[in-house]
2 protein chains.
Amino acid sequence: MITIKDIAEIAGVSIGTVDRVLHNRGRVSTTTKASILSIVKEKGYRKNIVASQLSNNKRTVFAVIMPLPHQNDYFWDLIKEGIETGKEKLGFFKIDLQYFFYDRFDKHSYEIEFKKAIAIHADGFLIAPVVADQAIKYKSLIREDQKVVLINSDLPNFSRISHIGQNSYDSGRTAAKLMSQIIEESGTIAVIEVEPEDYHINIRARGFKEYIRKNTDSTVKTYMLPVENHLAEYEKTVEKMTYENRDLIGLFVPNSSVHYFAEMLKDIKIIGYDLVEANTRMLESGNIDFLLNQQPAKQGELALESLFKNIVLVEDVKEFQFLPIEIICRENLESYKLGGKNE
Amino acid sequence: MITIKDIAEIAGVSIGTVDRVLHNRGRVSTTTKASILSIVKEKGYRKNIVASQLSNNKRTVFAVIMPLPHQNDYFWDLIKEGIETGKEKLGFFKIDLQYFFYDRFDKHSYEIEFKKAIAIHADGFLIAPVVADQAIKYKSLIREDQKVVLINSDLPNFSRISHIGQNSYDSGRTAAKLMSQIIEESGTIAVIEVEPEDYHINIRARGFKEYIRKNTDSTVKTYMLPVENHLAEYEKTVEKMTYENRDLIGLFVPNSSVHYFAEMLKDIKIIGYDLVEANTRMLESGNIDFLLNQQPAKQGELALESLFKNIVLVEDVKEFQFLPIEIICRENLESYKLGGKNE
DNA sequence: CTGTTAGCGCCTTCAC
DNA sequence: GTGAAGGCGCTAACAG
């Protein structure tokens, strides 16, 4: 592995000069610059980040903008954990994390937190843009040289180095496949949808419905997820669902709120999302048949790793990083709880 | 973060002395040693590996001892890939990998390769001890100060810093749960077992059988996996299986050879293991219903990471690291192929 | 037994 | 424009 000193020697200049052209700072005569660059290219020079980090005294700071951890049944807490372990792994590299949690149900919250994040002049942003319209509205506050990674859901025309998430459509289809296997005969299957802003959730619902229609004799019927997080609202929805469909055999809830429904519904097959505490309990008790998982922790970890790779190591990062669609039932649940972090 | 220099200052000694006690090299008076250690503890000193690596000129070398990558339908190649990406992530840290591939079907191969591995005086060993008896027989050749990580299967009384694998019993139960869901009525389910030396495979079979017996009305019947990898042998087994059981409704193959069976058997439900090429093709075509995955790549990566952590960073590593039991069907297969490494 | 010193490869400041 | 020099934190060799 060639070093900056080697280059200097070959070019017949000092390491200071080499450094200058490598970082595009200070003035260097065009001739020496060209000669240095050609050596760099020819010899395949890559900077030694270990040395670089040691010497470099500035810390790189990342702003994490995401919903309050407790929202969506603590789903976001899992993401946060992953970000944390990502930082852990980066060990002695000088990176700072600053969190900005917004209330996803409060219209103004995103703006407030986002502007706070802008103010710290971070080198990179890790954003979970659940409130799509808001995220798009303020995105121009991010400077060109600040890198962003979008996590969990993607946004069109949002300039970012990477999006980390899951293929929502296939995920819905996977749920449908399972549903079709576990129902004993055909009937009506209820599908929950959500407010349009959270569109990747609805894509799951679409994948589910299209699969069921194409591959089974069952019918699907759509119900809206209560906007207010009150038990009474869920009860109303469940009542309506059961009243309207005497032949109700299954329910698909494309997000973490499946446990609310599972608690009230017996004798039908239920498939939902996310290994949040409330859901895993229902899975264990048998009220929920399958949960799909989107590896929130892994998403967080990958997101941080990607920012680091792009900003600190100055390496390219894949524009899309889709994680596996994980299927969880009672029998393999334990193996997921441990998550490779046991004992 | 406190540095070695800070400690020296506080203790009123030179950094050389501090270094000596931290590395247990050279003689240091008991008093100064005690005082330094107390400061270390009190201030929570952790060595800066970035600086350490930069300064340290010796490379640490790991010996990887595993079956030939192409064996078991290229399963081991997946493990190897994981080890490789693990190394990739360790980037500029000076670690060397040396592979020693043994032929798992050749009695003497393990001994030969293992002795070669011993000869390089590695700092750590990453061993996949499929041939349990051999591995145990020669383990004493490893020195006390050499750390070992066992991957894929574990060995009793084998002194190792960590075992990385999967809970075989639960994995069998998970397969059984799926089988019980997809069969339409009861009948006979064939289960394949293997030579006893590969015992974790048979534990899967046991988990499967016990679940089926307890939770369904179906019967299970055991057949042995052909020792010789000839198509004719598989054909014989399949013939026997179908001839003996007119009501054959399902087949469980607890390892990667499921595709041989799937190719010949129609109209029954089939569950097997591992996302090797031959199997994923059968999953796509519908001949196999579910595959369980044991994250071979992740296993490899974790194993390398664990060695690194323990040897280079001198940090503790969990003794058991069990990975999730992953369920794959046609609909989520694509998401696993990408494996977060796409685009 | 203990202190000093010269690097590891890169970055930054200062002087010419 | 360019070079020289000091330092990041740790290691290892050398001198007492």
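**View 1. A:Q295 is a buried residue, with a relative accessible area of 17%.** Because buried here means under 20% relative accessible area, A:Q295 with its 17% falls into that class. Bear in mind as you look around that this is a predicted model. A:Q295 sits in the loop between β10 (290–293) and α13 of chain A. Leaving aside residues up to four places away in sequence, A:Q295 touches A:L323, A:P324 and A:E326.

View 2. Counting residues in the contact gives 45 from chain A and 42 from chain B.

**View 3. A salt bridge links B:E331 to A:K177.** Their closest N and O atoms lie 3.1 Å apart. Between chain A and chain B the count is 4 salt bridges. There are also 9 residue pairs in polar contact between the two chains, with both residues at pLDDT 80 or more.

**View 4. Several elements of chain A build the side that touches chain B.** At least two residues each come from α4 (49–55), α8 (168–182), α13 (296–311), β11 (320–322), β12 (326–328) and α14 (330–338) of chain A. Which element gives the most to this side of chain A? That is α8(A), with 7 residues. Sorted by class, the side of chain A that touches chain B has 19 nonpolar, 10 polar and 16 charged residues.

Definitions and conventions: Residues numbered from 1 in each chain as written. Chains lettered and ligands numbered in written order. Predicted model: local features only at pLDDT ≥ 70, side-chain atom pairs only at ≥ 80, totals over all residues. Heavy atoms only, no water. Contact = heavy atoms within 4.5 Å. Salt bridge = Lys/Arg side-chain N within 4 Å of Asp/Glu carboxyl O. Polar contact = N/O pair within 3.5 Å; in protein donor to acceptor, adjacent residues only side chain to side chain. Helix = DSSP H or I, 4+ residues; strand = E, 2+ residues; numbered from the N terminus. Nonpolar A, V, L, I, M, F, W, Y, C, P; charged D, E, K, R; others polar. Buried < 20%, exposed > 50% of the residue type's maximum accessible area, 1.4 Å probe, protein only.
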